[in-house]
Structure formats: structure tokens, C-alpha cells
Amino acid sequence: MKWIDKYKKSIFHKLILTVLEKHILSKSTFLRGLQCSKSLYLYKYFIQKRDAVSKEQQAVFNRGNRVGVLAQKLFPGGVDATPAKRSNNLAAVENTKKLIESGVEVIYEAAFQHNQVLAILDILVKKEDKWYAYEVKSSTKVSPTYLMDASLQYWVISNSGVSLADFSLIIINNQYVRNGSVDLNGLFSAKSVLKETINNQSFIEENITRSKSVIDTPAEPDVKIGEHCFSPYSCDFMGTCWKSVPANSIFEITGVKKSELFNLYNAGYKTALQIPEKNELDKNANIHIQAIKKNEAVIDKAAITAFLEKIKYPVFFMDFETFMPAVPLYDKTKPYQHIPFQYSLHYKKTKTSGLEHFEFLAEQHTDPRRAFIEALLKHTESEGTILVYDILMERNVLNGLKKDFPEYASEIELRIDRMVDLVQPFQSRSYYHPSMKNSFSMKNLLPALVPELNYSDLNIGSGSMAMIAYENLNKETDMFKILETRESLLEYCKLDTLAMVKVFEVLESVSK
Ligand code: SF4
């Protein structure tokens, strides 16, 4: 640690022990400490080293907040304990206390503190003189982390003097199908986790003590990078802890258990270059190592030729964009269903003919599905292979549309039958370039195969950003911003299929 970091740390350390008498641990810092004590320490003393929150992560947080507010309607007429200054947690605790004392029976964002551990519960409800706790999650499953989260809250609330008759997690019911206005009792499902939270109490108590001692100890915990950096969440201090991991690290090797890769790394095998020629790794791992060592693509010309023989001109290059609203927006849709709103199609009649381009982008505020499928069927009605990149999503969307619009089912089936997956020669390592790093996304393929094309100049540079942008269009009222976003969406999707055309041409040139 540099002297300046040591100095800053000692100052922060004193401040935390004096100013933060209010609370030392919250639900999120407790869970952080369970994942990794170094992460807790860095968060407390060197928060400035934290990786920036991406737009995608922010969108997930925002969705969680919106779902939380909607779930409050399951218990109408409640009072929100959040103070005017949201960060004033002590005021929130005080507000909650006053609301309980004044006989309020439904409290949103109820805050409690015990032994300098803070917990803010989504909904606290009094029924027949007993208190019930509800924590809302925008997920469709109860995860072990959610159980820990509930267990910590139970510990704080019950030790604050409120005896809980039950503790439930409210999650999203993925079997719910919207029909008319949203039925909150169908959309949400409450699962009691009281038994698990009570069973976890001694574990919680031990780990509160352990986490406090991590914070109290001046030295940074000596924790090496490991599987815990990804589980249960990708740690937001990876930019700090992983910065010394070299290029071509052994973590890019597939077919080996993560734990073994960390053992190798800690034993000094940092890069694929250090792996001996004779090893026990599988074929794919060795293709990767060979490509890294030669610093050039490993190509199986016969396999590529066999793949190309499946493709018949004319060829369509097709890509969909979808969004997945947690709360279904349209009738006959479920939570988190992929709703297609855009496609791009490049078309080549023969190997030597020029490119044509077709596209579709749904109007906002409408159910895009019917217009989407009708336009797509029209644009692809002539014969020829339909190339997609990573077929799963496109096939699932089309299968879903078959059910939603049975009148088009046979036509859609014909399109599915014509689809061929362009990822296949890359995933099978018939064409493997070292810069692919065992990832087969178009974003990794492009710099290696078609460096003149890239997404960096675009306003929207990924499928998840396109998803967020389209969802936001439904709330946007500024016409200029609407037009700008629509333009950016069209540009992005068009580049996706143009990239497929160029990648396909590389395969054709290899096969020659
Ligand atoms: S990156 Fe890994 S080692 Fe570093 S703080 Fe996070 S979990 Fe701990």
C-alpha cells in the first residue's frame, strides 16, 4: 500500500469510528463482507477505488426500485418512513419508531438499527396485533443471498424490540400472464422464509462480529483473487484487485474448473504462454493456447467449408432486439418475456451481388409484436438461408410469436427452418483467433476479423443498452430525444447485421 493510501486510510478509519456512531454495517455492507472481507474493507475506507456503475447495472437497480414501489400497492394506505433527506438513516429509524408508536399499521421503508447495524425493510404490516415483514425482490426466485438479506433484517428488527410473526420475500411470479390491467396478487408471490431466517441467526451474529472486526482492524485483509470475486455477484473492486492479472491470462482457458485455474494462477502459471505443450487440457483449451502462442488464428478450412455448404444464396443476415419488462406491459405476456421491438436484415442475392438492407423499429407506446412479425414475414418471404448470430434468442422469440399469433405459425416455422447459426464455426473453434478470448460475442469477434468495423462510435453499443433505450422511449416526451434514440437504435442494429455480413465474407475467403 502506498504511503498516501495508508495516510488516507488512517484518517478514514478514525472518522468511521467517531462519526459513524449511527451505523457501522448495513444490509448491503454485511452481504459484501460475507462475499469478501477485503471488499468490505475497501468499501469502507477506499470507496473511490470502486469500479464505475455501468448503465446496465444502473438499469437493474432502477428496475428493482420500480418493482419495490409497485409491490407497496399490495398493502395500500401505508406511510413511508423515508426522511426528507434520504441519506439520513437515523431520521428514518426515528420516523419508523414514531409511526409504530402512533399506531400506523402499514409502514414502507421501515428502518431499524441495533448494535450499529442498520436494516431498511420494504414493507412492515400489522395484522391482528402481530407484525409481518415483507422484503421485495424483482427476481423470480429466492436465492441464498436473499435468505441472508432477510436473516440480517430479522436479526436487526427483532433485536430492536419488534417481534415478527413472519418474514416473507415478495418475488415475481414468472407464470403470471397479463390479461387487462395488472393483477398485483397474480404478479407477485410471497414466500415465507421465517424458518430459514431463524435458523440463520447465530450465523448472522457471528458474521456481524467478524465484519465489525474487519472494519476495526487497521490493516487491509490479505485476500487473494478467487471464485469469490464472482459469487454471488461480480465484485465492484475487480478494477483494483485484478489489475495485475496479465493479458492472455489463464482465466481465459475453458474446460477447466475455476478453482483449478486459481490454483494454477497462485502457483505462478499466470498466462496461457506458460502452459506446456503436453498437458491434460481438452481440445478447445489447446486450440486457445495454440492461438495465443502463435499469435494468429487457428483455422480448420475443411470444417469451415462444410459449414458454408449448408448456406444457400440468397442469404439474409438477421438480428433482433428485444426488451424484457419485469411487469408485463401487454396482454398475453409474462414477466421478463423477450418482447421483440426491432430487427435488421441485410440481404445478398448472390455471392457477388450488392447488399440490400431492411429494418423495423416499433413505435413506442404500442405492443410491437404484431407489427414486428408481419414486417419480418414480408421482408423474408423470398427463399434463401437466414443467418443469425447465436440462434437461441431469435428462435425463442419466433417460437413465442407462433403461440401469440397462431395465424402466422406455419409461416414462422418456415423461417425457423431456414435459420443457420453463424456462431457455430467460431464456437466449434473451426476459426479461432487469440483475441476472441474464448468469448464468441460479435463484440469480441469483430476486432479480430473485421477491425475496420466497431461499436465504439455508436451512442448505443450493446444489446442491453438497446433494451434500456427502447424501454426509456416509452417514458420520453421530448420529441428531439425520441428521434435521436430511434436513430441510434437503427444504427446499432444495422451494424450488428453488417458485422455478420463481413464475418461471413471472412469465412468465405478462408474456404476459397
Ligand atoms: S475483487 Fe475479489 S479479492 Fe478483490 S475485493 Fe473483490 S472479491 Fe475481494
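The dialogue below takes up a sheet, the backbone and a ligand site in turn.

Author: Please keep in mind that this is a predicted model.

Reader: What order do the strands of the open sheet have?

Author: In general, strands of a sheet pair through backbone hydrogen bonds, either parallel or antiparallel. Here five strands form an open sheet in the order E11-E10-E9-E12-E13, and the pairing is mixed. Strand E11 (355-361) and strand E13 (419-421) each have a single partner strand, so one side of each has no neighbour in the sheet. From one strand to the next, the twist averages 25°.

Reader: How many bridges join strand E9 to strand E10?

Author: Strand E9 (residues 315-323) and strand E10 (residues 339-348) run antiparallel and are joined by nine bridges. Phe316 has Tyr347 of E10 opposite it. Helix H15 (residues 391-404) lies across E9, E10, strand E12 (385-388) and E13, at about 75° to E9.

Reader: Which peptide bond has omega near 0°?

Author: Most peptide bonds are trans, and most residues other than glycine have a negative phi. The bond from Tyr313 to Pro314 is cis, with omega near 0°; Pro314 is in the loop between helix H13 (301-308) and E9. A cis bond also joins Ser231 and Pro232, with omega about 5°. Gln116 has a positive phi, near 65°, and is found in the loop between strand E3 (106-114) and strand E4 (117-127).

Reader: Which residues surround the ligand?

Author: Among them are Cys36, Lys224, His228 and Phe237. The shell comprises six nonpolar, two polar and one charged residue. The ligand takes up the space of the largest cavity.

Note on methods
Residues are numbered from 1 along each chain as its sequence is written. This is a predicted model: local features need pLDDT of at least 70, side-chain atom pairs count only at pLDDT 80 or more; totals for chains, interfaces and linings use all residues. Side-chain values use heavy atoms; hydrogens and water are left out. A residue is near a molecule or strand if one of its heavy atoms lies within 4 Å of it. On a 1 Å grid over the protein atoms alone, a cavity is a set of points where a 1.4 Å probe fits but cannot get out, and a pocket is an open set with protein on both sides within 12 Å along at least five of seven lines; lining residues have an atom within 4 Å of a point. A molecule sits in a cavity or pocket if more than half of its atoms lie within 2 Å of its grid points. Ala, Val, Leu, Ile, Met, Phe, Trp, Tyr, Cys and Pro count as nonpolar, Asp, Glu, Lys and Arg as charged, and the others, Gly among them, as polar. Two strands pair if DSSP finds at least two bridges between them. Helices (H or I, at least four residues) and strands (E, at least two) are DSSP runs, numbered from the N terminus. Axes are lines fitted to C-alpha atoms, for helices over the stretch in contact, and angles run from 0 to 180 degrees between N-to-C directions. Contact means heavy atoms within 4.5 Å.
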